[in-house]
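Reader: I have a model open and would like to go through it. Can we take it piece by piece?

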Amino acid sequence: MIPARTDKIGWFHIVKGWIIERSGRLLNFLGLVIIFGLWFWLSNTGWVPPLYLPSPQAVYRCFIQYSADMPMHIADSMYRIIVGFAIGSALGILMGLPIGWSKVLGRIFEPVVEFIRPMPPLALIPLFILWFGIGNSSKLILISFGCWVILVVNTIESVRNIDPLYINAARSLGAKGFQIFRTVLIPAIIPGIMGGIRVAAATSFGMNVAAEFMGTRAGFGYLIIEGRRFVMTDLLLVGVFLITIFSILVNWLLKLTESHFTRWVPRKDL
Amino acid sequence: MGNTGGQEVLLTVENLTKEFLTTHGIIEAIKDVNLRIYKSELACVIGPSGCGKSTILSMIGGISKPTSGKILLEGKRLTGPSPDIGIVFQKYAAFPWMTVEQNVEYGPRMRGLSKSERRAITEKYVGLVNLKGYEHLYPKELSGGMSKRVDIARAYANNPRILLMDEPFGALDDLTKKKMQEELLKIWSLENKTIFFVTHDLEEAAFLADRVIIMGRNPNTIIKDVPVEFGRPRQAELRTKPEFVAFKKYLSEVMGNDTGENG
Ligand SMILES: Nc1ncnc2c1ncn2[C@@H]1O[C@H](COP(=O)(O)OP(=O)(O)O)[C@@H](O)[C@H]1O
Ligand SMILES: [Mg+2]
């Protein structure tokens with residue numbers, strides 16, 4: 001071991017300390033900077049033609065060029081995503097609670113859920129169009145369905161994972177039926193279903209765009225389809241990045257909500 | 001002090017038997033247990049691990065159903081969980097999603113008491129278990145001893161007729177455990193509430209109890225009922241007195257006759 005030499009703290013050590021202190025946060029950006037730089041370099045040197053990979057500036061210019069239409073595209077998609085996600089998740093939680101709680105209901109409905117679970121929602125798009133038409137409703141139903149599956153499964157499992165200790169404690173303190181539901185069941189499953197809610201939200205963006213590919217007059221998917229049709233790769237990428245940015249935004253909002261509702265959860269590493 | 005006045009029976013257990021059906025056949029968790037708990041007393045049940053202490057406690061608490069026999073509270077048959085029977089579990093059982101204060105006021109809230117009534121009750125019992133100033137913390141922010149205080153305050157705040165405690169201090173370190181025992185005695189003497197206390201710790205039983213009920217294995221049933229004569233209030237000094245040490249030795253001999261293992 002080399003003895004510590006505190007007598008020789010110079011500028012070098014100060015800079016080194018600063019770098020070590022911030023390197024965690026710097027490293028977070030390193031990967032992104034490399035990818036973005038690579039994209040910038042490949043597209044601007046002309047090594048990859050703009051047809052395959054337009055430059056970042058070109059994508060930005062394209063966004064500005066069509067910026068008047070953007071609020072409409074964003075609103076159309078986000079409406080479907082938010083409404084479909086909210087309805088599907090709420091129904092999933094509401095149905096998962098009794099199925100997870102009651103042995104009889106579990107026996108009856110769990111096989112149904114297990115049968116539906118492996119169905120890829122995207123495979124059902126044609127069927128939904130056949131049943132509900134090409135308009136908004138079939139898209140909403142598709143997104144709701146996808147979110148419902150994720151949350152019904154997640155809720156059933158969360159209810160089953162509740163420590164019976166808490167139910168017994170509540171009962172011995174005089175809590176009955178709905179009181180137990182409200183004061184034990186609901187709070188106890190929140191940490192478990194928060195993960196499911198975020199997965200459902202992220203999946204909603206994908207299901208929405210897939211549904212839009214089947215025909216739409218506006219939305220993220222519309223930009224992508226039109227970009228392909230007119231060989232405007234920059235427009236296509238505008239659609240892709242809008243989805244990415246809004247998905248990150250929604251995830252960030254859900255994370256904030258989550259940390260509020262789960263501030264009581266003991267940390268695992270302690 | 002302590003077990004004052006007449007020997008008025010509060011709780012009666014008659015011919016209680018519990019069998020579990022397992023893949024290896026039927027396990028008799030307890031067999032023909034007969035027991036009386038008197039008003040205001042602090043009765044301890046001791047016995048080696050697996051002799052059926054928790055089984056008895058959870059049936060009195062209404063959490064599990066007896067195979068045969070019955071449990072009467074002041075002559076009335078008990079058939080399920082009841083706010084008349086408070087439980088302090090072996091595990092930490094404070095609701096992790098509620099603050100200390102919300103945990104303590106849980107029973108009164110379920111009974112529909114008003115906010116001001118609840119406030120008064122909570123303040124009293126949070127004070128009684130020395131948790132003043134910690135009302136707004138979540139259980140994850142508390143030490144083991146503090147969590148146990150929450151459990152005790154919550155059970156007391158619901159004002160049950162009897163309190164069941166299943167090795168409540170079993171998970172605590174020795175020093176904390178002894179401190180909690182002394183505090184429990186203080187609370188018990190102030191509140192005058194009947195306590196049915198289960199433990200496998202001889203010293204704990206000898207220090208706390210008016211009466212030690214000793215259980216044995218095979219069959220899992222009560223083998224002896226020993227009164228504890230030490231006066232009250234009991235202080236920490238009692239633990240080192242020769243008569244206390246002798247009593248512990250006596251208990252361990254009674255238990256030792258039945259089984260070698262303990263714990
Ligand atoms: N759910 C159960 N299924 C099968 N056997 C059990 C169950 N609960 C307890 N037992 C058995 O009953 C006996 C008494 O258990 P318990 O009451 O927990 O003992 P103690 O609390 O005195 O350690 C033990 O032999 C235990 O294995
Ligand atoms: Mg036990």
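**Cores, rings and a ligand**

Author: Leu11(B) touches Leu35(B), Arg36(B), Ile37(B), Ile60(B), Ile71(B), Leu72(B), Leu73(B), Leu78(B), Ile85(B) and Ile162(B), leaving aside residues up to four places away in sequence. Contact here means heavy atoms within 4.5 Å. This is a predicted model: local features need pLDDT of at least 70, side-chain atom pairs count only at pLDDT 80 or more, and totals for chains, interfaces and linings use all residues. Residues are numbered from 1 along each chain as its sequence is written, chains are lettered from A and ligands numbered from 1 in the order in which they are written, and side-chain values use heavy atoms, with hydrogens and water left out.

Reader: Which residues have the most contacts inside the largest nonpolar core?

Author: Leu11(B) and Phe196(B), in a core of 97 residues. A nonpolar core is a set of buried Ala, Val, Leu, Ile, Met, Phe, Trp, Tyr and Cys residues joined through side-chain atoms within 4.5 Å. Buried means under 20% relative accessible area, exposed over 50%, and partly exposed in between (1.4 Å probe, protein chains only).

Reader: Which helix gives the most to this core?

Author: Helix 8 (residues 177–213) of chain A, with 16 residues. Helices (H or I, at least four residues) and strands (E, at least two) are DSSP runs, numbered from the N terminus. A second, separate core has 47 residues, including Leu142(B) and Val150(B).

Reader: On to rings. How many aromatic pairs are there over all chains?

Author: There are 21. Rings of Phe, Tyr and Trp (its six-membered ring) pair if their centres lie within 6.5 Å; planes under 30 degrees apart count as stacked, over 60 as edge-to-face and the rest as tilted. Trp41(A) and Trp47(A) make a tilted pair, 5.0 Å centre to centre with 55° between the planes.

Reader: Is Trp47(A) buried or exposed?

Author: Trp47(A) is exposed, at a relative accessible area of 62%. Trp41(A) is partly exposed, at 42%.

Reader: And why is the pair of Phe220(A) and Phe246(A) tilted?

Author: Because the planes of Phe220(A) and Phe246(A) are at 35°, with the centres 5.9 Å apart. Phe220(A) lies in helix 9 (residues 220–229) of chain A and Phe246(A) in helix 10 (residues 233–261) of chain A, so the pair ties together parts 26 residues apart in sequence. Phe220(A) is buried at 1% relative accessibility, and Phe246(A) is buried at 19%.

Reader: Which residue lies over the face of Phe207(B)?

Author: Arg239(B), at 3.9 Å from the ring centre. Arg154(B) lies over the face of Phe95(B), at 4.7 Å from the ring centre. A charge sits over a ring if NZ of Lys or CZ of Arg is within 6 Å of the ring centre and within 35 degrees of the ring normal.

Reader: New topic. How many residues surround ligand 1?

Author: 13, and the closest are Gly50(B), Gly52(B), Lys53(B), Ser54(B) and Thr55(B). The cut-off is a heavy atom within 4 Å. A polar side-chain atom of Thr55(B) lies 2.5 Å from an oxygen atom of ligand 1, and a backbone N or O atom of Gly52(B) lies 3.1 Å from an oxygen atom of ligand 1.

Reader: Where is Pro219(B) found?

Author: In the loop between strand 9 (211–216) and strand 10 (221–227) of chain B. A cis peptide bond joins Asn218(B) and Pro219(B), with omega about 0°. Most peptide bonds are trans.

Definitions and conventions:
A polar contact is a pair of N or O atoms within 3.5 Å; within protein, one must be able to donate a hydrogen and the other to accept it, and residues adjacent in sequence count only if both atoms are side-chain atoms.
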